[in-house]
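The sequence and the structure are shown first.

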Amino acid sequence: MEVKPIEVKSKATRSKPTKTETTKGYPKANSVEWLQLTAGRGPKECGWVVAQLLKVMLVQAQARGIDVEIVESLAFDKMLRNQHIVIPDAYLSVLLRIESEQAQLFANEWCGTHKWQGESIYRPKHKRINWFVGVERITPVKPVEASINYQQLQRQLVFESMKSSGAGGQHVNTTNSAVRATHKPSGITVRVDTDRSQHRNKRLALERIAMLLLNAETEGASKQVNERWLQHYQVKRGSPVKTFIGQEFKEIN
């Protein structure tokens, strides 16, 4: 099964700030949520569940008018990483950025363990029928409480323009809309090609680096910044917040 990476059309290209943004263009803490979908240490079947869960979340977000952006995805199969020709059918993890007045509510509804009941699509004779994945909230950036000075942080960044290689239609590769941002003091580097607007991608890169720096400060160890994106949450089994069945991935109560 193919997983379309972005079914929801982002409203990020709006020229006027929305009412959930501050006058300086930076989002309020309660208007933005970051969620990570993860297969944990599970087999590829769990990666397939992550891909299906992603599609359900995007459809539901669209129906509620919630802006969702796939900021980062890591294919389960290593050979499918760092390429944009073949769409992965399974993901080790997916990082989502949610911006809306309903962002916190939406995140609360999805955070936790999710279970899929069904026969393996990769190993038909496998006896296991219960597969678990997790959705976890990534600590949002809170500029005031975390004392993140965005103006100072921006002066510490080096931006490089490059052609986008993600989803976005026939025009995505025609302009250098993707950006690579490097934080000179720490060496942290992020690449963002979520939007066709380079201005928007720069803003997302700024947010991500701020979040990484905040995590490093909170955890008290700068080396954990890079490890933060390499480690995947241990998925807890039992008491799932949502349960799905069959290859149609139908939710049951």
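How many of the nine residues of strand β3 are buried? The model is a predicted one, and in it β3, which spans residues 91–99, has nine of its nine residues buried.

## Strand pairing around β3

Strand β3 pairs with β1 and with β2. β1 and β3 run antiparallel and are joined by seven bridges; in this pairing, Glu 33 stands opposite Ile 98 of β3. β2, residues 67–75, is also antiparallel to β3, with eight bridges between the two strands. Here Ser 73 has Val 94 of β3 as its bridge partner.

## The end of β1

Thr 38 belongs to strand β1, which covers residues 32–38. Because its relative accessible area is 0%, under the 20% limit, Thr 38 counts as buried. A polar atom of the Thr 38 side chain lies 2.9 Å from the backbone nitrogen of Gly 40.

## The buried side of helix α2

Helix α2 comprises residues 103–110, and its buried residues are Ala 103, Phe 106, Ala 107 and Trp 110. They cover an arc of only 100 degrees around the axis and therefore lie on the same side of α2. An α-helix has 3.6 residues a turn, so residues three or four places apart point the same way.

The elements against which the buried residues of α2 pack include β1, α1 (44–63) and β3, as well as β4 (112–117), β5 (130–138) and β9 (242–245). Just after the helix, Gly 112 adopts a positive phi of about 130 degrees.

## Nonpolar cores

In soluble globular proteins, nonpolar side chains tend to be buried together. In this model, the largest nonpolar core contains 33 residues. Those with the most contacts inside it are Leu 37, Leu 53, Met 57, Val 94, Leu 96, Trp 110 and Phe 249. Two or more residues come from each of β1, α1, β2, β3, α2 and β5, and α1 gives the most, with eleven residues.

Met 57 illustrates the contacts involved. With neighbours within four places in sequence left aside, Met 57 is in contact with Leu 35, Leu 37, Leu 96, Phe 106 and Trp 110. Another core, of 14 residues, lies apart from this one, and among its members are Ile 188, Val 190, Val 192 and Leu 204.

Methods. Residues numbered from 1 in each chain as written. Predicted model: local features only at pLDDT ≥ 70, side-chain atom pairs only at ≥ 80, totals over all residues. Heavy atoms only, no water. Helix = DSSP H or I, 4+ residues; strand = E, 2+ residues; numbered from the N terminus. Buried < 20%, exposed > 50% of the residue type's maximum accessible area, 1.4 Å probe, protein only. Polar contact = N/O pair within 3.5 Å; in protein donor to acceptor, adjacent residues only side chain to side chain. Pairing = 2+ DSSP bridges. Arc of directions from axis to C-beta. Contact = heavy atoms within 4.5 Å. Core = buried A, V, L, I, M, F, W, Y, C linked by side-chain atoms within 4.5 Å.
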